[in-house]
Amino acid sequence: MAVMLKAGSPDWGVCAERCAIDHAVLHGNRKILEIAVVTEAETLSNSKPCGACLQYIYDFSKDSETEIIMAQARNGKIMFKTVEVRSIRELLPYPYRKRE
Ligand SMILES: [Zn+2]
């Protein structure tokens, strides 16, 4: 299990998603079963991971049906009307794949 803190633009460095995945992998968790992304509503208009993070999530997912749970929070509380669950396949239908 990892915790993600997401703030600001992904252009400023490595996104929280990739930091959390790196942390999990370094501690022996090699496959993502599901992942949750929560953002502050005042900062971002939605909680969908950026393209680089979607690829990273795909690379470490158990399969293409791994669920990504997205939500927004206000004053530290999840706004349940914003909760959305999508599979990595839905959010990244054409992932990059290395030739085996
Ligand atoms: Zn990202």
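Colleague: Happy to be shown around! Which residues have the most contacts inside the largest nonpolar core?

Modeller: That core has 15 residues. A nonpolar core here is a set of buried Ala, Val, Leu, Ile, Met, Phe, Trp, Tyr and Cys residues joined through C-beta atoms within 7 Å. With C-beta atoms placed from the backbone, a residue is buried if 20 or more other C-beta atoms lie within 10 Å of its own, exposed if 12 or fewer, and partly exposed in between. The residues with the most contacts inside the core are Ile35, Val37, Cys53, Tyr56, Ile57, Ile68 and Ile88.

Colleague: And which elements give two or more residues to this core?

Modeller: Elements are DSSP runs numbered from the N terminus: helices are H or I with at least four residues, strands are E with at least two. Those that give two or more residues are α1 (16–26), β1, α2 and β2.

Colleague: Before we go on, what kind of model is this?

Modeller: Residues are numbered from 1 along each chain as its sequence is written. Local features need pLDDT of at least 70 and side-chain atom pairs count only at pLDDT 80 or more, while totals for chains, interfaces and linings use all residues, since the model is predicted.

Colleague: Thanks! In what order do the elements run from the N terminus on?

Modeller: The protein has three helices and three strands. From the N terminus on, they run α-β-α-β-β-α.

Colleague: What is the order of the strands in the open sheet?

Modeller: Two strands pair if DSSP finds at least two bridges between them. The sheet has three strands with mixed pairing, and β1 and β3 are its edge strands, each pairing on one side only. The order is β1-β2-β3.

Colleague: Do β1 and β2 pair in the parallel or the antiparallel sense?

Modeller: Strand β1 covers residues 34–40 and strand β2 residues 67–74. Over seven bridges, the sense is parallel.

Colleague: Which residue in the turn between β2 and β3 has a positive phi?

Modeller: Strand β3 (residues 77–87) runs antiparallel to β2, joined by seven bridges. Across this pair, Ala73 stands opposite Ile78 and Gln72 opposite Met79. The two strands form a hairpin with two residues between them, and the one with a phi of about 55° is Asn75.

Colleague: Why do the buried residues of α2 line one face of the helix?

Modeller: Cys53, Tyr56 and Ile57 are buried in α2, and what covers them includes α1, β1, β2 and α3 (88–91). The arc is that of the directions from the helix axis to the C-beta atoms. They line one face because, seen down the axis of α2, they fall within an arc of 100°.

Colleague: Which elements do the buried residues of α1 pack against?

Modeller: In α1, the buried residues are Ala16, Glu17, Arg18, Ala20 and Ile21. They pack against β1 and α2.

Colleague: Last one: is Val14 buried or exposed?

Modeller: Val14 has its place in the segment before α1. Its C-alpha atom is separated by 9.1 Å from that of Cys53, 39 residues apart along the chain. With 12 C-beta neighbours inside 10 Å, Val14 counts as exposed.

Note on methods: Contact = placed C-beta atoms within 7 Å.
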